[in-house]
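Here are some short notes to read alongside the model. Keep the sequence and the 3D view open as you go.

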Amino acid sequence: MPNPLEIPVTLAQGAVLPAYALPGDAGADLVVTEDVELAPHQRALVGTGVAVAIPEGYAGFVHPRSGLAHRLGLGMVNAPGTIDAGYRGEIKVNLVNTDPVTTIRLRRGDRVAQLVVQPVVQVVFAPVADLPASTRGTAGHGSTGGHGPDGPTTTTTEGQA
Ligand SMILES: O=c1ccn([C@H]2C[C@H](O)[C@@H](COP(=O)(O)OP(=O)(O)OP(=O)(O)O)O2)c(=O)[nH]1
Ligand SMILES: [Mg+2]
């Protein structure tokens, strides 16, 4: 695959090109084109002003930024958001404030998410009577352990005064 892969972009007025913060970064930062205020647990679909034509055989994935997640509790409801190759509309981010107490205030131009472009394959789903055997088989959902001898530690506020 060509590296870098060139992707046509259109920008709404005042929008900025997605940009990699550092050489070699996987995600190109996306900004919001409007001021946004998110009360605790509130969500909002916010525009980035960016539209792209991703080539077939690739897709874009919109990921949250870890710094904002860590500092403010900013998340994305559908992380990672999928940008199909055929999509020509504005890339939007489904932001959510996961903090139970503090309102998040974002300013127009803030970098709130990042676009990762990756190769993808389309497959043919072929119905069969039995699947080929494997070491894992049907085991899942913690079957390999790793939660300590007494199982996972959980805390609950239920029943507390
Ligand atoms: O975070 C996101 C996720 C999706 N999209 C756009 C691009 C994507 O190609 C389109 C459809 O997304 P998806 O397939 O995830 O949503 P859907 O609910 O299945 O909608 P559709 O029926 O249009 O496929 O919406 C965004 O702008 N941001
Ligand atoms: Mg879809």
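1. Terms first. Two strands pair if DSSP finds at least two bridges between them. Strands (E, at least two residues) are DSSP runs, numbered from the N terminus.

2. Source. This is a predicted model: local features need pLDDT of at least 70, side-chain atom pairs count only at pLDDT 80 or more, and totals for chains, interfaces and linings use all residues. Residues are numbered from 1 along each chain as its sequence is written, while chains are lettered from A and ligands numbered from 1 in the order in which they are written.

3. The sheet. Five strands make an open sheet, in the order β2-β3-β11-β6-β8, with antiparallel pairing.

4. The pairings. Seven bridges link β6 (residues 58-64) to β11 (residues 111-119). One partner pair is A59 with Q118 of β11. Four bridges join β3 and β11; here V31 partners R111. β2 and β3 (residues 28-31) share two bridges, and A19 partners D29.

5. The core. A nonpolar core is a set of buried Ala, Val, Leu, Ile, Met, Phe, Trp, Tyr and Cys residues joined through C-beta atoms within 7 Å. Buried means that 20 or more other C-beta atoms lie within 10 Å of a residue's own, with C-beta atoms placed from the backbone. The largest such core has 22 residues. L30, V62, V93, L95 and V112 have the most contacts inside it. Elements giving two or more residues include β3, β5 (43-52), β9 (90-97) and β11.

Definitions and conventions: A residue is buried if 20 or more other C-beta atoms lie within 10 Å of its own, exposed if 12 or fewer, and partly exposed in between; C-beta atoms are placed from the backbone.
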